[in-house]
Amino acid sequence: MSLTSINRKNVAIVGGGIIGICSAYYLHKAGMKVVVIEKDEIGKACSYGNAGYITPSHFIPLAAPGMIKKGLKWMLNPQSPFFVRPSLNADFLKWLLSFAKKCTKEHTQQTQQVLLDINLKSLELYQMLSKSGDIEFQFHQKGLLMLYKTQSGLDEEAVTVAQANTLGLNAEILDKEALKRLEPNIDFDVVGAAHYPEDAHISPFEFISSMKSFLTKQGVEFMEQTEVISFETDAKAPRTISSIHTTKGKVNAGNVVLANGAWCQKLAKGLNFELPVQSGKGISITLDNTSAAGNAPFSCRTPFILSEAKVAVSPFNDEIRFGGTMELGVLAALESRGLSSNRITGLLRSASQYLPAFDSRAIDRSQFWSGFRPCSPDGLPIIGPAPNIDNLTIATGHAMMGLSLGPITGKLVSELITGSTPSVELAPFLPNRFN
């Protein structure tokens, strides 16, 4: 099945990660004819190896007070969890300047309710998807723990817990005894934790694979190993995309969705508009969590974050995933260079510090995965109509919240294209806020 006629009910989605696949689902449900174009395999990029968190608790944007100071300090440590690779690239420098301007208390206060609301709406959609019968996936609403080795760190988190309670989100501080009661089968070397019981988690690739299987049976077309080369646009105003040139031929569609994460900036430039998205490289490793006796070495029910080290730990049935780090400014220069040994060493060392039973010497470093998160300069996703093209919708810039915000982003994309009332207020996320 090929989309050969320009029809407003035909939609081409560029990008087959969590955002693209959820957009395809809700557009299909709205009666649209959909093709998804992916340069690799569906769900094998940033959506593949992430922690799988659905996080109403993450209502503080990446552009938060203190991030610049922390970033400068961490730049001196090659094993730090946050690293900015020096670059003279003009787009990257412009992005850094915009990011620095947003790292204020005022910006955080203005955006935290917005981020909480959109995360809660996405959580609600995940709950509905788990009961829909369309797809099968692990959905666990077991909360999230933010673990702290230092009292000063726990005291800072207590401020966030208080903010969460003020905003209507359940959260509490746990001392070591309360933490042990919640997770009796695992030993943490920490002073305490913050507990966000409303958070949930899924197995990301399982979710995307099940979604793809369902959509394929429903007639949605998937063009994998297919790279978008350029767009052909009408000369008359308002500009519209008339066709998409790919490595496997031309695709015509009445509407186009740009949802290819960290790579969307390049395609936007080809359409003569700026999309301020930079890549943030993250790494993870997924380990067998069983033993000969059938007992999991890390027998926990609740996902947790090693907070000072910025390492996320997620239990998936018989597996456990360790992931983290944010390395900015790496896509153009380092995409072909593979994983940083320093990032791996830093993550493994941190895990051992919080988890005395964790033996990093037994880890096969060749099993580490890396992916590129699309980061906006203000820490909010970019969702809405392209500023100068009539039939192009943007859905990117989710940073670490892509998995969390997948369903609500897909639903908003569908609502924008079909002209329905948006499920949440769109103004904070519109692409034209950067102009």
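What share of the 435 residues in the protein chain is buried? The figure comes to 55%, with buried taken as under 20% relative accessible area (1.4 Å probe, protein chains only). The model is a predicted one, so to speak a calculation throughout: local features need pLDDT of at least 70, side-chain atom pairs count only at pLDDT 80 or more, and totals for chains, interfaces and linings use all residues. Residues are numbered from 1 along each chain as its sequence is written, and side-chain values use heavy atoms, leaving out hydrogens and water.

On the overall build, the protein chain has 11 helices and 21 strands; these are DSSP runs (helices H or I, at least four residues; strands E, at least two), numbered from the N terminus.

Now for helix α5. Its 17 residues (151-167) reach 24 Å from first C-alpha to last, close to the 24 Å expected at 1.5 Å a residue, a span worked out as 1.5 Å times one less than the number of residues. Buried here are Gly153, Leu154, Glu157, Thr160, Val161 and Ala164. They sit on the same side of α5 because they cover an arc of only 110° around the axis, judged by the directions from the helix axis to the C-beta atoms. These buried residues pack against β6 (144-148), β7 (172-175) and β8 (192-196), where contact means heavy atoms within 4.5 Å. Just past α5, Gly168 adopts a positive phi of about 100°.

Terms used: Buried means under 20% relative accessible area, exposed over 50%, partly exposed in between (1.4 Å probe, protein chains only).
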